[in-house]
Structure formats: structure tokens, C-alpha cells
Amino acid sequence: VSGFTFLTEETQALQQDDFANPGQLWADRGAALFNQGETPCSSCHEAQDFSQTAAQYPQWDADHGRLINLEGQINQCRTTQQDQPALAYESDDLLALTTFVATQARGAAMNVSLTPEMEPAYQRGRDYFFTRRGQLNLACSQCHDDQWGMQLRGDTISQGHGNGFPAYRLQW
């Protein structure tokens, strides 16, 4: 079930209202960055439809032999196509560009293909999800598989799918 369905009605309404949603400020900044510079992103992606893009990451990057997320793809485009330095992870500019692209995938179903090359990373993530750890000896699965839909303080426990585009962290 999409992470969006577990949000309160108020938060869903906020996320759906482009004028009230503070995250849209990041999307707007990303749109401006997308069109700035000597070789802007728009010079290659002017007519590209991003309505599914964010929902298809992570992907296997065959050229570098590794798994890549959307932020990594943006940085890879910057370094290989634009002759620009990579942006620091969690930097304002990278967050803005990522938000701009992810906002266009609002409502898209997650569509990540698990290729044979991605299998080891998938298994590590699966193992992490099911491994008990910490002072309380809990695994992610104990809440997000066994208790989803129940309340934990004032929040409804989701199935752990952060795919309610655009989803923004308050500290951004």
C-alpha cells in the first residue's frame, strides 16, 4: 500500500495542494536550477517526460557496475554531460533538483526492476529489514510488516513505502 494512504487527511491535503505545500518551494527551486547554467539540464531533457522517472529508481548502472538512486543519476549527468562537479548529497541544490523530478512522478506506482545485478543489494536490504538490532532488539519488519495500519502514538504505521510523491522532510 502506498505510503501516501497512511498520512492523515490533513497531510494528504497539504501534499496535494501545490500552493500550501512548503515542499513546492523546493520543486520550484529545482525547476529554476534545471534551466540554469552554461549547459542546463533542460538542454538534454527539454521534452523529457519525468512522470515515471522517480518511481523507477534505484536502477542498475551498468557503466559503473553499481546501484544508483535518483540523486546519483542527477550527479552522474552533471559530471558526464554538463562538465560540472557533483553536488554534495543532501545539499540544497541536489535536494531541489531531486524534488523537481520526483514531484513530476506524483501518483506513479513504484516500478523498480530487480535485475540479477541488483540481487545482492536487494538481499542486503532484505536482511537489514528483518534483522533485530538496537537496545530494544527490534527489526523494521516487526512494525512495518506485522503492525502496519495500527497506531504508534499519533501516527499510523505504514508499510514503509515512501512513495507518496512529493514527500518532504520538515527539516528541508
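Student: At what distance does a polar contact join the side chains of H45 and Q48?
Tutor: This is a predicted model, in which local features need pLDDT of at least 70 and side-chain atom pairs count only at pLDDT 80 or more, while totals for chains, interfaces and linings use all residues. Residues are numbered from 1 along each chain as its sequence is written, and side-chain values use heavy atoms, with hydrogens and water left out. A polar contact is a pair of N or O atoms within 3.5 Å; within protein, one must be able to donate a hydrogen and the other to accept it, and residues adjacent in sequence count only if both atoms are side-chain atoms. For the side chains of H45 and Q48, the polar contact is 2.3 Å.

Student: Is H45 buried or partly exposed?
Tutor: H45 belongs to helix α3; helices (H or I, at least four residues) and strands (E, at least two) are DSSP runs, numbered from the N terminus. Buried means under 20% relative accessible area, exposed over 50%, and partly exposed in between, with a 1.4 Å probe and protein chains only. H45 has 22% relative accessibility, so this residue counts as partly exposed.

Student: Which residues does H45 touch, not counting residues up to four places away in sequence?
Tutor: Contact means heavy atoms within 4.5 Å. With residues up to four places away in sequence left out, H45 touches F34, F50 and C77.

Student: Why is the pair of F34 and F50 rings classed as it is?
Tutor: Rings of Phe, Tyr and Trp (its six-membered ring) pair if their centres lie within 6.5 Å; planes under 30 degrees apart count as stacked, over 60 as edge-to-face and the rest as tilted. The model has four aromatic pairs by this rule. The centres of the F34 and F50 rings are 5.9 Å apart and the planes are at 85°, so the pair is edge-to-face.

Student: How far apart in sequence are the parts that F34 and F50 tie together?
Tutor: F34 is buried at a relative accessible area of 8%, and F50 is buried at 7%. F34 lies in helix α2 (residues 24–34) and F50 in the loop between α3 (42–45) and β1 (59–61), so the parts tied together are separated in sequence by 16 residues.

Student: Which residues do ring pairs link into a cluster?
Tutor: F34 lies in helix α2. The cluster linked by ring pairs is made of F34, F50 and F100.

Student: What is the angle at which α2 and helix α5 pack?
Tutor: Two packed helices are described by the angle between their axes and the distance between the axes. Axes are lines fitted to C-alpha atoms, for helices over the stretch in contact, and angles run from 0 to 180 degrees between N-to-C directions. The axes of α2 and α5 (residues 92–103) are 7 Å apart, and the packing angle is about 100°.

Student: How does α2 run relative to α5?
Tutor: Angles under 35 degrees count as roughly parallel, over 145 as roughly antiparallel, 65 to 115 as roughly perpendicular and the rest as oblique. The contact residues include W26 and F34 of α2 and L95 and F100 of α5. With an angle of about 100°, α2 relative to α5 is roughly perpendicular.

Student: How far is the charged end of R133 from the centre of the Y128 ring?
Tutor: A charge sits over a ring if NZ of Lys or CZ of Arg is within 6 Å of the ring centre and within 35 degrees of the ring normal. The charged end of R133 sits over the ring of Y128, and its distance from the ring centre is 3.6 Å.
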